[in-house]
Amino acid sequence: MAELAALTQPSRKGISRFVSVNAAPAPAPEVPPRPQGDLARASIEEIAQAVRTTWPTKTADNRWNRSRGARDLLRHLSQFPGETWQERWEASGFNQGGNPVSVLRSAPRDRSQIGTGAACLMCLRIIQPSLEAFRSNTFLYYGQRFLTAQNDPLLEKFWAEVQATPVNPIHHGTALFDVTVALTTQGIALADLTPAAFLHYAWECRRQGLVLGARGAGSRFPGHLAWQVLHTMGHFPSHGPATLKAALLTGRLTVEELVDRYKIRNTGVRHLLISYLERRKPELDYSTLDNLSRHLASNFWATIEQLAPSQPDLRIDGELYQRWRERVAVRVDGKGQRDFDPILRAVRAFYADLQAWAAAEPEQWAIWVAPCPVSDAEVRGYGIRKRRVKERMDDRTRQRQPLLNTLVEHLENRYGHLRDLLAQAADATGGQTITLEGRTYRRLWSRVDERRVRLGGLANVRVRDLESGKYINVTHAEDAAFWEWAIVEVLRHSGVRIEEALELTHLSIRQYQRPNGEVIALLVVAPSKSDRERVIPMSAELFAVIAAIVRRYTTGGQTIPLLPRYDPKERQSSPPMPFLFQRKIGTKHEVMSDTTVVNMLKRHCVELAEQHPGFLATSFTPHDFRRLLATELVNSGLPIHIGAALLGHLNLQTTRGYVAVFNEDVVRHYQGFLDRRRQARPTDEYRPVTEPEWLGFEEHFDQRKVELGGCARPYSTPCQHEHACLRCPMININPKMLPRLDEIEVDLLTRRARAEAEGWGGSVSSKESTSPCPSCARSGTRPVDSPGSHWSTSAYPASRGDQRPRENERMYCLQAVIATESMLRELAGSITEACIVPLGQHLWLLPMTDALFDAVTVAGAPELNGFWKAPAGFDRLLTTCSETGPVAYVEAEYFGGAGTQTAQVWDAGKIVLGPLCLAEGEPSPMSGTPISQALRRLGAAKGNHIDEFDAVGLGRHRDTDDWLSPRNRSRPDAHAT
């Protein structure tokens with residue numbers, strides 16, 4: 001086989017998975033085949049005599065038809081210039097596609113005669129047509145006619161081997177036709193037919209759409225059975241591919257070939273990328289290596305060379321980097337945005353690896369070390385984006401969970417109907433009607449069916465639906481329906497990935513006997529994404545499906561055929577194995593592909609959309625069944641680590657990412673938790689409530705009703721304000737009473753103005769302490785400068801500043817950095833997720849939101865002890881910031897009056913206070929709570945307030961995110977007002 005360049009062929013979807021390795025027409029032989037001698041310059045009569053001699057028939061009429069057709073065509077060709085009949089044939093225009101010789105005649109009989117004459121001239125090697133010209137004509141029984149003319153023992157041996165192949169006899173003639181057309185169009189004998197020449201024929205037929213049953217150009221390849229027989233009989237090398245598909249599929253490329261796909265001009269960078277990928281190759285699978293080479297060689301450096309052809313090294317300036325980002329962010333076809341995160345991470349890892357390797361091997365890597373153009377801020381949001389993806393996947397699972405049973409029922413009913421229809425129609429005669437489930441069908445029988453039976457094959461069972469008039473090939477439809485039902489059942493009951501399902505073999509079925517004698521059926525899943533084999537127990541439903549698949553192959557004492565499976569991601573074929581999901585299509589058995597399964601699911605979802613509106617905008621993929629099973633397992637109470645083992649996850653977080661929690665599951669599991677906790681407590685704690693106790697409980701709520709709304713003080717606690725509800729932080733204002741609140745406010749302002757006019761000092765002081773209260777009650781908050789505290793309640797004494805949330809707010813949560821405005825602006829810098837908020841006494845607040853947490857977290861850095869939401873590595877940033885003044889990090893979380901708080905202060909580059917922690921239920925120390933002590937260290941003073949916490953106004957909001965309302969927030973780069 002001649003070694004030619006490996007060129008991938010384009011298709012409608014981009015680069016094809018097929019490759020034209022060594023596909024080239026056969027060279028012209030030194031001695032062209034001439035079965036009846038050299039007739040290139042023979043007269044018309046000499047050629048007519050050769051035609052009659054080569055194909056003798058019982059009737060003179062047939063001999064006359066052949067010779068007459070040849071004479072008519074030769075007379076027409078004699079009008080064109082040329083020394084040989086081949087030259088005249090090419091000059092006539094018949095060697096171009098779309099110009100059949102039948103155009104020379106109008107009557108059907110005459111058109112058939114001249115077509116037969118042309119076929120005879122081609123068989124005698126007088127004319128060598130192009131493939132396009134040959135397939136523009138219709139030649140009946142050309143293979144048999146060519147075989148008779150050649151007198152070639154090797155060709156006759158090939159035909160005998162084809163006839164001995166156990167396939168439907170109708171495919172025998174197709175194999176002979178493929179070989180004879182290849183020999184005719186390339187002007188060679190079978191001895192000169194090489195794999196390269198036959199591949200060229202297959203490629204040209206596919207490119208021009210000349211394959212029987214092909215849906216346009218680029219659809220199918222011909223010659224599968226012919227290649228198989230040529231390889232089996234030893235005509236093709238035994239070490240070569242055994243099938244045409246194996247010869248066409250692309251193999252693995254070397255690292256150098258992976259890089260050279262993108263034509264990098266800078267030889268130094270080219271060698272660097274090759275060395276880098278060679279270094280990474282042992283730790284990566286082929287598909288990951290392929291993607292990494294694409295990110296670095298194509299998306300990164302090849303694009304850099306397009307923007308700056310003279311760029312010498314990896315030092316990318318800011319302007320060029322921004323241009324590169326804008327270019328790569330858009331897809332090559334210009335349709336939408338590209339997934340940019342993998343490219344950024346690959347480039348950043350590339351620069352980091354070069355820096356790390358340069359320390360150990362400076363002679364090879366140090367020259368290429370350069371600052372990474374991808375900043376930390378650009379990759380910090382990856383965690384946020386992953387959470388958004390998780391949310392979308394959870395929503396996808398929730399949408400498909402109610403539709404799963406509908407899809408399964410549709411596939412089961414369809415398969416059951418076609419199975420019963422096949423059983424009844426197979427016994428029916430042509431034209432007989434069949435009624436099944438209220439539908440009437442008529443059995444069809446044609447001359448093609450008769451020919452199949454006459455040749456020793458089986459005719460497909462075909463019917464026509466009398467109601468819709470639709471033609472149905474029941475044999476094919478039942479086979480497709482079975483495999484569609486089987487693959488969905490295996491996916492949804494096992495939760496395996498689609499590639500794992502397609503790699504299941506007869507050897508994957510095992511059994512395990514438990515100590516009690518019970519036998520458990522097991523399914524061995526071959527290594528896939530996690531590169532680890534796993535064994536899962538089969539449920540009764542899964543075992544029934546696997547058994548049905550095995551029975552379909554082994555009925556009648558047959559065995560499951562052994563065949564290889566090509567892995568398109570790893571670009572290699574497996575050894576021949578008894579794969580479960582294989583189908584016979586035409587002359588060959590093939591393992592199903594994941595694309596076939598995806599298209600099948602899309603097709604059935606479209607069908608269901610006509611009856612079920614839920615499928616209008618919803619389609620299933622094979623991976624949806626894996627997520628649905630994971631959700632069902634975990635939500636049904638299976639421990640998540642067992643679910644991870646069944647799904648093949650090495651990390652529990654991966655399994656958690658697959659599970660979509662439903663509201664009903666939350667309620668059910670929480671109720672179960674309460675029941676289990678009650679069982680562990682003394683029974684007298686859950687004794688029935690006495691009637692006096694219940695009446696007291698109801699009376700408490702009656703007593704809490706006041707003029708303006710309701711009191712939110714805890715149960716069984718007295719009111720300490722004695723009708724001063726307007727000043728009480730526990731009041732809940734009824735929206736209907738807002739007009740009354742306005743009246744009270746107007747009345748207070750009027751009386752205050754009179755007191756000032758009359759010089760009543762005591763009354764003025766009383767009105768000043770009361771006048772802000774209506775506005776605060778209306779907004780649900782108290783002013784920062786008010787003497788009361790958001791944390792002080794009537795249920796807990798405030799003499800020592802015991803900081804607890806108001807009962808009407810129920811919860812208080814804060815994680816933040818506190819310092820002066822200038823320090824926080826310097827600390828935030830250019831972090832887009834950072835917003836600062838003003839407090840009292842010249843202090844500002846930087847809330848630690850989820851977005852900021854992800855942005856400043858340093859992977860692998862130590863966490864801050866004592867805090868639960870301090871980003872890893874954040875203490876380094878605070879230590880540096882404290883060189884210009886004190887800075888504090890505080891956390892607090894309270895619910896229903898109970899909770900914890902923690903604080904720590906840095907100053908002059910070191911820790912000067914803390915970490916201080918106030919545990920749940922622990923009383924506050926005499927020096928104050930941890931947050932108040934930290935604020936005191938920052939310069940805050942209690943003044944007339946309960947404590948420093950209340951003095952700076954930390955009680956204005958009850959949640960960290962509430963501080964970032966539009967009227968509160970301030971970007972670090974905004975002008976300070």
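These questions and answers cover a predicted model of one protein chain.

Residues are numbered from 1 along the chain as its sequence is written, and side-chain values use heavy atoms, with hydrogens and water left out. Local features need pLDDT of at least 70 and side-chain atom pairs count only at pLDDT 80 or more, while totals for chains, interfaces and linings use all residues.

Visitor: How many helices and strands does the chain have?
Guide: Both are DSSP runs, numbered from the N terminus: helices are H or I with at least four residues, strands are E with at least two. The chain has 38 helices and 22 strands.

Visitor: What percentage of the 977 residues count as buried?
Guide: Buried means under 20% relative accessible area, exposed over 50%, and partly exposed in between, with a 1.4 Å probe and protein chains only. Of the 977 residues, the buried share is 45%.

Visitor: Is Asp850 buried, partly exposed or exposed?
Guide: Asp850 lies in helix H35, residues 850-856. Its relative accessibility is 43%, so Asp850 counts as partly exposed.

Visitor: Which residues does Asp850 touch, not counting residues up to four places away in sequence?
Guide: Contact means heavy atoms within 4.5 Å. By that test, Asp850 touches Arg387 and Lys869.

Visitor: What separates the C-alpha atoms of Asp850 and Asp961?
Guide: Asp850 and Asp961 are 111 residues apart along the chain. Their C-alpha atoms are separated by 9.0 Å.

Visitor: In what order do the three strands of the open sheet stand, and what is the average twist?
Guide: Two strands pair if DSSP finds at least two bridges between them. The order is E7-E8-E9, with antiparallel pairing. Strands E7 (509-513) and E9 (534-537) are the edges, each pairing on one side only. From one strand to the next, the twist averages 40 degrees.

Visitor: Which residue in E8 stands opposite Gln511?
Guide: Five bridges join E7 to strand E8, residues 519-525, and the two run antiparallel. Opposite Gln511 stands Ala521.

Visitor: How are H22 and H25 oriented to each other?
Guide: Axes are lines fitted to C-alpha atoms, for helices over the stretch in contact, and angles run from 0 to 180 degrees between N-to-C directions. Helix H22 (474-494) and helix H25 (594-609) pack at about 100 degrees, with axes 11 Å apart. Angles under 35 degrees count as roughly parallel, over 145 as roughly antiparallel, 65 to 115 as roughly perpendicular and the rest as oblique. H22 and H25 are therefore roughly perpendicular.

Visitor: Which residues of H25 make the contact with H22?
Guide: H22 contributes Glu484, Ile487 and Val488. H25 contributes Val597, Met600, Leu601, Arg603 and His604.
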